[in-house]
Structures are given as structure tokens and as C-alpha cells.
Amino acid sequence: MTFENTREFARQLDAQDELRKYREEFIFPKVNGKEVVYFTGNSLGLQPKRTKAYVDEIMNDWAALAVEGHFYAEKPWWDYQERFALPLSGIVGAKPSEVTVMNTLTVNLHLLMVSFYRPTAKKYKIICEEKAFPSDQYMFQSQVHFHGLNAKDAIVEIKRREGEHNIRMEDVLAKIDEVGDELALVLIGGVNYYTGQVFDMKTITEAGHKHGAYVGFDLAHAAGNIKLNLHDWGVDFAAWCSYKYMNSGPGNVSGIFIHEAHHNNTDLPRFAGWWGHNKERRFKMEPQFDPVRGADGWQVSNLPVISLAPYLASVEMFAEVGMDKLIAKRDLITAYLEFILHEVDKEIEGTEFEIITPENKEERACQLSVFLHGQGRALFDYLMKNGVITDWREPNVIRLAPVPFYCSFEDMYDFGQILKQGILNKA
Ligand SMILES: *Cc1c(COP(=O)(O)O)cnc(C)c1O
């Protein structure tokens with residue numbers, strides 16, 4: 001398709017967009033009385049209008065039924081989480097028994113490492129990506145420390161090559177082979193939060209398994225963004241947050257995946273709680289833990305149903321649309337955004353926008369990370385003041401996520417115009 005940097009052309013793309021009605025389903029903040037161009041759905045997704053009814057339902061049931069709501073609410077609270085199994089399994093490519101919701105992301109990764117990081121004298125190393133999300137780095141360090149190991153020795157980072165922004169797949173595989181028999185666990189982000197690089201999780205999983213290691217993924221930037229086939233890829237475990245691409249609200253609950261191959265392995269240690277206990281016998285208050293077979297067996301506490309409600313609204317929207325349609329629009333709108341950036345770059349002398357997200361379509365999804373060479377933080381401030389919500393990372397990188405659920409092609413056009421003004425005004 002030949003793109004044009006005009007409002008008419010952008011509107012034409014919107015008119016052809018099958019998902020355009022979903023934009024109306026979200027609440028946009030306003031700046032100067034106008035709905036913003038929202039590029040930070042990779043950080044906190046917008047609020048769907050239907051979410052409030054889901055939360056109100058719990059509040060009303062609580063008011064009317066109090067403790068009886070556990071069993072007699074329209075959606076009883078005691079097994080509320082089971083409503084996620086089907087829609088979530090579709091989003092991450094799993095069997096329903098392989099997914100559940102609980103806790104928050106970093107907490108879940110810790111709990112999963114209890115099961116899947118079991119270092120021995122010979123096999124104790126973790127491979128992760130260089131400059132992983134800080135929470136993941138702290139998690140690795142504290143887990144290794146917990147096992148009495150030295151972080152410098154036990155944590156092996158896959159590095160970028162000098163002068164390159166992204167990690168090469170061949171380097172990932174070489175590192176896995178190099179660590180070889182000492183490798184206990186590979187745990188990396190499915191999509192890098194900074195560059196937006198998408199990793200080939202199937203190949204990484206196979207490579208790790210070849211050396212007898214477990215392989216897991218932090219899917220914070222992947223869930224609801226890319227096509228996942230966790231079951232077929234043989235991934236051992238994964239976890240994600242629900243508040244980025246999945247629009248469930250600030251700091252909200254996380255999802256986990258545990259491959260079916262591990263469901264009957266009672267040798268796997270875990271930090272247990274009553275919500276993971278045999279469902280039929282949970283309220284018999286027996287002393288002996290008998291885990292539910294499946295991801296639900298990793299549950300610990302009874303669930304924060306008021307928090308689950310917005311997530312349920314979200315996964316039902318995803319199930320309604322399906323990942324395939326979201327991905328098709330994602331690719332088109334991201335390509336259009338890239339085109340707009342290049343156009344603005346061409347129109348203004350002295351600018352140089354360097355997109356550090358991989359060019360290759362297999363390695364990118366809904367995010368372009370852009371180095372705005374020659375521009376300062378004042379440009380970011382100008383964008384924010386003029387209704388473009390994005391984020392700024394030192395020295396001068398902006399991350400733009402044109403989320404297909406609610407961003408329009410006209411938003412991309414508007415962004416280009418505001419960006420151009422900001423630079424010309426020497427913001
Ligand atoms: C957003 C994000 C987190 C956040 O973790 P929380 O426990 O939800 O605060 C962790 N890891 C990655 C890779 C992220 O992008």
C-alpha cells in the first residue's frame with residue numbers, strides 16, 4: 001500500500017478499519033478539550049467503558065449479599081478466576097488448564113522461579129537479556145542470593161553488539177550453547193520493553209530444552225500484543241501483567257501460564273496456599289495440601305475479585321475481537337506511523353529520527369522506539385502539552401505504541417503535524 005501523509009488518506013484508512021468501532025469503547029483523557037493521541041498503551045492501557053459495570057456488579061453483590069456473594073453472586077467469587085481460562089487461553093495460545101490469574105507480575109515470576117529455578121552445584125546459571133526491565137533484574141539478583149549463589153557468576157546476560165540496539169538471535173543461541181550444561185533457566189522478556197524487539201520464543205525454548213534447562217518468558221509487553229503459542233512452543237512457564245496492552249487498570253492482577261507437561265509433576269516445589277488446593281475439598285480445611293492439577297494449583301490466596309472484574313471485561317473484549325484482527329490492524333497502523341515519522345523527518349532539515357525497533361516484521365509489534373537525534377526534552381514537553389501522550393527515556397528516545405484496539409490512523413496523522421510544529425517552534 002502506498003501511504004499518504006494527509007488527513008483524507010488517514011480518514012480513508014479509518015473508514016476501512018474493521019475495528020474502528022472499538023475506539024468508541026474506550027475513555028480518552030482530554031487535553032485542551034480534545035481527546036489525546038495515546039501512545040502509552042504499552043504502559044497503561046485506556047479504560048474500556050464497559051469496565052465500570054463489571055466493577056459495579058461486584059460492589060452491588062457485596063452490598064446485597066456480603067459473605068454470601070462467595071457462592072450466590074451472579075458470578076460467584078469463590079471460582080471467579082475460572083472465567084478467565086477460556087478467553088485467556090486464546091490470547092496466549094494455551095490450553096485453558098494452563099492459564100490462571102493471580103497476584104501481580106513480579107510476584108508471580110518469583111513464585112514461578114520457586115518451581116522452575118532449582119539450581120544445583122553444576123546446573124545453576126540463568127540466562128536473561130542485557131538491560132532487562134529493572135524489576136526483572138532485581139528479581140534475578142534476589143533469587144540467586146536466596147539460593148546462596150553469586151549473582152555475577154550465576155546470572156548470564158545476552159549482550160547487544162557494540163553500536164547495535166537489538167539483540168541478535170544468533171547471539172542468544174550461541175550464549176545458550178556456551179553456558180550449556182550449567183544452564184538451569186532461560187528467562188527473558190518476550191518483547192523488549194525499551195526497543196520493542198520481539199524474540200523468537202519457539203526457537204529459544206527449543207535451544208534451552210536441548211541443554212535440559214527450563215525456559216520461561218516475561219510477557220508484560222507481549223500479552224495482548226503479539227501472537228503467542230505458548231503450548232505448542234513448549235514454553236515451561238510465563239507470566240504477564242494485565243494493565244499494559246490488556247487495559248485492566250493500574251497495577252492490576254497478572255496472568256500465568258504453566259505448561260501441561262508440569263501439571264502432574266508433584267516434585268516441583270511451590271509456595272502453596274489454600275486457593276491452590278483441590279477445589280472440591282478447599283473448604284474442608286484439611287491439613288494436607290493437594291494441588292489442583294493445572295495452573296490453578298499455583299494459586300495462593302483467595303482472589304481480589306474487585307480487581308479481577310476489570311480484567312474480565314478486558315479479556316472478554318479480546319475474545320470478541322480475536323488476536324488475528326488486532327494483529328492485522330497493529331501491523332498496518334505501525335507501518336503508517338513509521339511512514340509519518342519518515343515524512344516529518346524528510347520535511348524538516350536537520351532532523352534525524354532513528355527507529356531503533358527492528359525493521360524486520362517478525363521482530364516488531366505494536367511499538368516504535370525512536371531516537372530523536374538533535375532534539376531535547378522540550379520537544380517531549382511540547383508533545384504532552386499538545387495532547388500527544390508518549391514517554392521519554394534519556395537521552396532522547398520516545399516510545400510510541402499505536403495500540404490497534406483504540407488508536408486511529410487519523411491519530412497518526414495528527415501526531416505527525418504536532419511533532420512537526422514542535423520541532424519547527426524549536427520547542
Ligand atoms: C511492566 C513490566 C513489569 C512490571 O512488573 P509489576 O510487577 O507489574 O510491577 C515487569 N517486567 C516487565 C518486562 C515489564 O515490562
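**Pockets, sheets and helix contacts**

Reader: How do the residues lining the second largest pocket divide by class?

Author: The lining has four nonpolar, four polar and six charged residues. Ala, Val, Leu, Ile, Met, Phe, Trp, Tyr, Cys and Pro count as nonpolar, Asp, Glu, Lys and Arg as charged, and the others, Gly among them, as polar. Remember that this is a predicted model, where local features need pLDDT of at least 70, side-chain atom pairs count only at pLDDT 80 or more, and totals for chains, interfaces and linings use all residues. Residues are numbered from 1 along each chain as its sequence is written, and side-chain values use heavy atoms, leaving out hydrogens and water.

Reader: What counts as a pocket, and what as a cavity?

Author: Take a 1 Å grid over the protein atoms alone: a cavity is a set of points where a 1.4 Å probe fits but cannot get out, and a pocket is an open set with protein on both sides within 12 Å along at least five of seven lines. Lining residues have an atom within 4 Å of a point. Points are joined across faces, edges and corners, and the volume is the space filled by probe spheres set on them. The second largest pocket holds about 240 Å³. It has 14 lining residues, with Lys131, Arg160, His165, Tyr194 and Thr195 nearest its centre.

Reader: Which residues lie closest to the centre of the largest pocket?

Author: Start with its volume, about 430 Å³. Of its 20 lining residues, Val198, Phe199, Asp200, Glu362 and Glu363 are closest to the centre. Helix 10 and helix 13 are the elements that give two or more residues. Helix 13 gives the most, three residues. By class, the lining has eight nonpolar, two polar and 10 charged residues. Helices (H or I, at least four residues) and strands (E, at least two) are DSSP runs, numbered from the N terminus.

Reader: How many cavities of 30 Å³ or more are there?

Author: The search of the whole structure finds two. The largest cavity has about 70 Å³ of space. Its lining is Gly224, Asn225, Tyr245, Phe318, Leu326, Ile327, Arg330, Val403, Pro404 and Phe405. Helix 13 (residues 323-347) supplies the largest share, three residues. Seven lining residues are nonpolar, two polar and one charged. The second largest cavity has about 40 Å³. Among its lining residues are Leu111, Phe271 and Trp298.

Reader: How do strands of a sheet pair?

Author: They pair through backbone hydrogen bonds, either parallel or antiparallel. Here, two strands pair if DSSP finds at least two bridges between them. Strand 7 (residues 125-129) runs parallel to strand 8, joined by four bridges. Isoleucine 127 stands opposite valine 156 in strand 8.

Reader: Which strands stand at the edges of the four-strand sheet?

Author: First, its order: 13-14-17-16, open, with antiparallel pairing. Strand 13 (352-355) and strand 16 (391-393) stand at its edges, each with a single partner strand, so one side of each is left without a neighbour in the sheet. Three bridges pair strand 16 with strand 17 (residues 397-400) in the antiparallel sense. Arginine 393 has valine 397 of strand 17 as its bridge partner.

Reader: Where does proline 395 lie?

Author: In the loop between strand 16 and strand 17. Most residues other than glycine have a negative phi, and most peptide bonds are trans. Glutamate 394 and proline 395 are joined by a cis peptide bond, with omega about 0°. Asparagine 247 has a positive phi, near 55°. Asparagine 247 sits in the loop between strand 11 (237-241) and strand 12 (254-258).

Reader: At what angle do helix 3 and helix 12 pack?

Author: Axes are lines fitted to C-alpha atoms, for helices over the stretch in contact, and angles run from 0 to 180 degrees between N-to-C directions. Helix 3 (residues 51-65) and helix 12 (residues 305-321) pack at about 145°, with their axes 8 Å apart. Contact means heavy atoms within 4.5 Å. Residues making this contact include Tyr54, Ile58 and Trp62 of helix 3 and Ile306, Ala309 and Ala313 of helix 12. The contact residues divide into 11 nonpolar, one polar and one charged.
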